[in-house]
Amino acid sequence: MIEAVARDPRERGAGVLSTVFGVAIMLALLAVATHVAVGLWARTATESIAYDAAREVATAPTDDQRVHAEAIERARARLGGHSERVSLEFDDAGPDIVVLHVTSEPTGLMPRLAGSAGIVGELHRTIRIRREKVD
């Protein structure tokens with residue numbers, strides 16, 4: 001036979017309160033981790049697509065504005081909806097090198113919490129690639 005244990009009325013609800021705090025902390029940590037992961041994924045994808053565009057221009061047989069425009073157009077198509085937040089600009093650095101300036105706004109799931117401390121995934125990069133010469 002099981003006997004009922006008398007409980008102190010002051011301890012009533014103590015387990016519920018600690019459980020609620022524990023769940024809230026876990027959800028906050030999960031939200032921060034997801035925010036960082038999404039921001040880093042967007043930055044990595046943007047940087048990879050920009051390198052591909054610069055390599056495409058560096059390996060092109062001719063160097064004209066049409067090649068630059070087509071490379072940027074393909075990069076924007078690959079970026080999809082994120083392309084509105086990305087700036088891609090080729091710079092004239094001479095006949096032997098291709099220079100592409102990439103700027104991307106941060107992407108994440110949460111609003112900025114403390115000024116710029118919440119920014120993950122912001123990108124300011126200058127890509128330089130030697131032009132391949134075809135003999």
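How much accessible surface does the protein chain have, and what share of that surface belongs to carbon and sulfur atoms? It comes to about 9,800 Å², with 58% belonging to carbon and sulfur. Keep in mind that this is a predicted model.

**The overall layout**

Of the 135 residues in the chain, 27% are buried. If you look at contacts with a separation of 6 or more, 57% of them link residues 24 or more positions apart.

**How the strands pair up**

| Strands | Direction | Bridges |
|---|---|---|
| E1 and E2 | antiparallel | 7 bridges |
| E2 and E3 | antiparallel | 8 bridges |

So much for the counts; now some individual residues. Asp 92 has Val 98 in E2 as its bridge partner. The hairpin of E1 and E2 has 4 residues between the strands, and Gly 94 in this hairpin takes a positive phi near 115°. On the E3 side, Leu 100 sits opposite Ile 127.

In soluble globular proteins, nonpolar side chains tend to be buried together. Here the largest nonpolar core has 21 residues, and those touching the most other members are Ala 50, Val 57, Leu 88, Phe 90, Leu 100, Val 102 and Ile 127. Two or more residues of this core come from each of helix H1 (14-58), helix H2 (65-79), strand E1 (86-92), strand E2 (97-104) and strand E3 (123-130). H1 is the top contributor, giving 6 residues.

Which residues is it in contact with, once neighbours within four places in sequence are left aside? The list is Ala 53, Ala 54, Val 57, His 68, Ala 71, Ile 72, Val 98, Val 99 and Leu 100.

**Thr 46, a polar residue tucked away**

Now take a look at Thr 46, which is found in helix H1. Is this residue buried or exposed? Thr 46 counts as buried because its relative accessible area is 1%, and the cut-off for buried is under 20%. The side chain of Thr 46 makes a polar contact of 3.4 Å with the side chain of His 82. Not counting residues up to four places away in sequence, Thr 46 touches His 82 along with Leu 79, Val 86, Val 102, Ser 104 and Leu 123. One of these, Val 102, is also among the core residues that touch the most other members.

Methods: Residues are numbered from 1 along each chain as its sequence is written. This is a predicted model: local features need pLDDT of at least 70, side-chain atom pairs count only at pLDDT 80 or more; totals for chains, interfaces and linings use all residues. Side-chain values use heavy atoms; hydrogens and water are left out. A nonpolar core is a set of buried Ala, Val, Leu, Ile, Met, Phe, Trp, Tyr and Cys residues joined through side-chain atoms within 4.5 Å. Buried means under 20% relative accessible area, exposed over 50%, partly exposed in between (1.4 Å probe, protein chains only). Contact means heavy atoms within 4.5 Å. Accessible areas come from the Shrake-Rupley method with a 1.4 Å probe; for residues, only the protein chains shown count as cover. Two strands pair if DSSP finds at least two bridges between them. A polar contact is a pair of N or O atoms within 3.5 Å; within protein, one must be able to donate a hydrogen and the other to accept it, and residues adjacent in sequence count only if both atoms are side-chain atoms.
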